Amino acid sequence: MTNSKNKQTLEQRLNKIRAGVLGSNDGILTVVGVLFSTAAATSNNFLILVAGFSDLLSCAFSMAAGEYASVSAQREIERAVIQIEEKQIGQDKDYARKTIAKSYISRGVNQQTAYSIADELIEKHEIESLVYSKYTLKIGQYVNPWGAAFSSLISAALGGLFPLLAMLLLPEQFKFAGTIAATTCAVALTGSLAAKLGHFRLRPAIIRNIVIGLITVAIHYYIGKLF
């Protein structure tokens with residue numbers, strides 16, 4: 001039981017970190033997009049920075065709200081599924097055993113072995129094993145909605161600061177090139193973090209993020225030029 005709790009705690013932490021990585025990536029791309037679309041439309045530095053800062057705040061709070069709603073919905077689905085399955089168990093004491101065994105039989109396990117596995121799983125964690133076998137849902141893996149929202153809020157704001165500070169602090173002749181460089185470094189960092197957390201290849205993740213970042217800059221710049 002202790003190992004299971006530790007595992008759930010690790011999964012919750014990883015989910016919170018993943019939310020942070022996604023939030024920071026969105027913060028970077030939305031802020032740099034607004035900065036370049038505004039800069040292409042006007043040369044007024046004050047307007048450019050106000051637009052960028054306003055977008056940073058709106059992006060951070062919208063990411064937080066979206067994460068809160070998403071995690072809350074996941075937790076509500078989990079509770080509803082547990083209630084349904086507990087009701088089924090109450091009506092049929094052999095329900096969990098048959099359901100779990102059936103899931104293993106469908107994967108090619110012979111009937112005798114499938115029922116042996118089901119008996120062992122039920123003895124340890126009945127409702128958890130039943131829900132996972134039927135819905136592939138791990139009970140308790142979701143983070144607290146407020147924790148996920150706060151993680152997204154902070155990460156999106158910090159991510160958006162990279163291009164915003166570059167545009168604010170760099171000398172006039174280096175503003176655009178420096179902001180692109182800051183954005184490239186920032187999205188490369190979020191790409192590498194996502195690769196490490198997701199256990200997939202590092203180089204393609206970094207390249208993909210950089211390409212998306214540069215395309216975002218180009219699209220917003222030419223949109224600004226239209227106005």
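A polar contact, as I use it here, is a pair of N or O atoms within 3.5 Å; within protein, one must be able to donate a hydrogen and the other to accept it, and residues adjacent in sequence count only if both atoms are side-chain atoms.

**Ground rules.** I am reading a predicted model, where local features need pLDDT of at least 70, side-chain atom pairs count only at pLDDT 80 or more, and totals for chains, interfaces and linings use all residues. Residues are numbered from 1 along each chain as its sequence is written, and side-chain values use heavy atoms, leaving out hydrogens and water.

**Helix H4.** I started at its N-terminal end, where Asn110 forms a cap: a side-chain oxygen lies 3.2 Å from the backbone nitrogen of Gln112. Helices are DSSP runs (H or I, at least four residues), numbered from the N terminus. Is H4 straight or bent? I found a bend of about 125 degrees at His125 (the angle between axes fitted to the seven residues ending there and the seven starting there). After H4 comes Thr136, with a positive phi near 55 degrees.

**Cysteines.** I looked for disulfides (cysteine sulfur atoms within 2.5 Å) and the structure holds zero. Cys59 is buried at 7% relative accessible area, while Cys185 is exposed at 55%; buried means under 20%, exposed over 50%, partly exposed in between (1.4 Å probe, protein chains only).

Notes
Helices (H or I, at least four residues) and strands (E, at least two) are DSSP runs, numbered from the N terminus.
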